[in-house]
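Please look through the model below before reading on. The text then takes its parts in turn.

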Amino acid sequence: MATMKALVCRECGKEYPTKAIHVCEMCFGPLEVKYNYEEIKKGISRKKIQDGPHSIWRYADLLPVEGPAFLGPHAGMTPLVHAKNLGAYLGLDELYIKNDTVNHPTLSFKDRVVAVAITRARELGFETIACASTGNLANSVAAHAAAAGMRAYVFIRSKAITTTSIASAAR
Ligand SMILES: [Zn+2]
């Protein structure tokens, strides 16, 4: 695919190669992917997307990976649910709500980004994944790392104590 052109700083515009860096060395601004849209245009079409897999990977030409899909065969393509009652209340005949609670494997919208991120991490040669999270992201990272055979570390604030852990500590 190789549709990524560079990483570019959102603050100062400095460009970097598509390596494992996430902040600008000049201003600490966040880096975003700059895509090679001229190249993408040559190979992408509505038909190609429609004929693609029933997952986020039908949009692979527009995702920040270079190789084939490795994870997330059931992430994305979540259904639109016709919200008749809410639509009537709001005066809208055609109101649909995206049900992103049916992503796989963790029933979270985070499954989309984590599938792509870990696929890219593998391309870059990483064997360990880590994140800071108190919920959905942690679950998704752990599940995808397990599927990929990678180690996962989740960092949680020491004050993020649940009622369950308080009850356990009180015993
Ligand atoms: Zn910068």
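The paragraphs below cover a sheet, a helix and a nonpolar core. The model is a predicted one.

Begin with the sheet. Strands of a sheet pair through backbone hydrogen bonds, in either a parallel or an antiparallel manner. Here 3 strands make up an open sheet, ordered E2-E1-E3, with antiparallel pairing. Strand E2 (15-16) and strand E3 (31-35) are the edge strands, each pairing on one side only. Strand E1 (residues 4-9) runs antiparallel to E3 and is joined to E3 by 5 bridges. Within this pairing, valine 8 has glutamate 32 of E3 as its bridge partner.

Next comes helix H4. H4 is 14 residues in length and spans 20 Å from first C-alpha to last, close to the 20 Å expected at 1.5 Å a residue. The helix is mostly covered, with 11 of its 14 residues buried. Just after H4, glycine 125 adopts a positive phi of about 90°.

The largest nonpolar core holds 16 residues, and Ile56, Val114, Ala115, Val116, Ala117, Ile118 and Ile129 have the most contacts inside it. Two or more residues of this core come from each of helix H4 (110-123) and helix H5 (136-148). H4 supplies the largest share, 6 residues. Leaving aside residues up to four places away in sequence, isoleucine 129 touches Ile118, Ala121, Val141, Ala145, Met150 and Ala152.

Notes
Residues numbered from 1 in each chain as written. Predicted model: local features only at pLDDT ≥ 70, side-chain atom pairs only at ≥ 80, totals over all residues. Pairing = 2+ DSSP bridges. Helix = DSSP H or I, 4+ residues; strand = E, 2+ residues; numbered from the N terminus. Core = buried A, V, L, I, M, F, W, Y, C linked by C-beta atoms within 7 Å. Buried ≥ 20, exposed ≤ 12 C-beta atoms within 10 Å, placed from the backbone. Contact = placed C-beta atoms within 7 Å. Expected span 1.5 Å × (residues − 1).
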